[in-house]
Amino acid sequence: MNLLTGEYKNTLDEKGRIMLPAKIRTGITSNVLIVTKSIERCLWLFTPEEWESVSSKMMENASPFSEKHRIIMRRFIAPAQEIEIDKSGRLSIPQSLREYASLTKECVIQGVQKYIELWDSASYEAYLQETEDKLLEASEELKNISF
């Protein structure tokens, strides 16, 4: 798998389909992605291989007897669905996940190296504004990284 990076704006059609940018498609080796809810009100999309790695790690460290673990399993593992990239390069986003992420018409697609985020454009802009003050503080956590 190539790195999935870049930020793109695209339109969700009336059938809940969105075109996956060509530059992101080139980083995907199959015609299938796994889509699930994220922590923020957006969706995470994984290649099957990356989803297997992430979900396996979660499940290896989770117990159904732990309330916190059940929350994680129910919020991330359970809603995950396999979706196909059609011949036109579009993804058909399931209705329940479109509702969770408040996806309307204008969307933002971001490649975050090992996964993709899909945001409603207005929600993403609000998120950026809400977290603007936290950006400098968060970047301080990376102070040991040098170029």
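Which side chains meet in a salt bridge at 2.8 Å, N to O? Select Arg17 and Asp13: their side chains form that pair. A salt bridge here is a side-chain nitrogen of Lys or Arg within 4 Å of a carboxyl oxygen of Asp or Glu.

**Before going on**

This is a predicted model: local features need pLDDT of at least 70, side-chain atom pairs count only at pLDDT 80 or more, and totals for chains, interfaces and linings use all residues. Residues are numbered from 1 along each chain as its sequence is written, and side-chain values use heavy atoms, with hydrogens and water left out.

**The other salt bridge**

The whole structure holds 2 salt bridges. For the other stop, select Asp86 and Arg90, whose side chains meet at 2.9 Å, N to O. Asp86 is partly exposed, at 28% relative accessible area. Arg90 is partly exposed too, at 24%. The cut-offs: buried is under 20% relative accessible area, exposed is over 50%, and partly exposed lies in between (1.4 Å probe, protein chains only).

**Zoom out**

Show the whole protein as a cartoon. It has 5 helices and 8 strands. Both are DSSP runs numbered from the N terminus: helices are H or I with at least four residues, strands are E with at least two. From the N terminus the order is β-β-α-β-β-α-α-β-β-α-β-β-α. The C-alpha trace spans about 40 × 40 × 30 Å along its principal axes. Of the 147 residues, 35% count as buried.

**Strand E3**

Select residues 32-37. This is strand E3; 5 of its 6 residues are buried, so the rest of the structure largely encloses it. Strands pair if DSSP finds at least two bridges between them.

- Select 81-84, strand E5: E3 and E5 pair antiparallel over 4 bridges. Ile34 has Glu82 as its bridge partner in E5.
- Select 43-46, strand E4: E4 and E3 run antiparallel, joined by 4 bridges. Lys37 stands opposite Leu43 in E4. A hairpin of 5 residues joins E3 to E4.

**Into the core**

Show side chains for Leu20, Leu33, Leu43, Leu91, Ile93, Ile116 and Leu118. Of the 22 residues in the largest nonpolar core, these touch the most other members. The elements giving this core two or more residues are E3, E4, H4, E7 and strand E8 (116-120). A second, separate core has 5 residues, including Ile34, Trp44, Phe46 and Trp51. A nonpolar core is a set of buried Ala, Val, Leu, Ile, Met, Phe, Trp, Tyr and Cys residues joined through side-chain atoms within 4.5 Å.

Centre on Leu33. What does Leu33 contact, leaving aside neighbours within four places in sequence? Its partners include Leu20, Ile28, Leu45, Phe46, Glu82, Leu91 and Ile116. Contact means heavy atoms within 4.5 Å. Across the protein, residues 24 or more positions apart account for 62% of the contacts with a separation of 6 or more.

Select Ser102, in the loop between helix H4 (95-100) and strand E7 (106-113). Ser102 is not a glycine, yet its phi is positive, about 50°. Its relative accessibility is 38%, so it counts as partly exposed.

Finish at Gln113, in strand E7. Gln113 also has a positive phi, about 70°, without being a glycine. Is Gln113 buried or partly exposed? Gln113 is partly exposed, with a relative accessible area of 42%.
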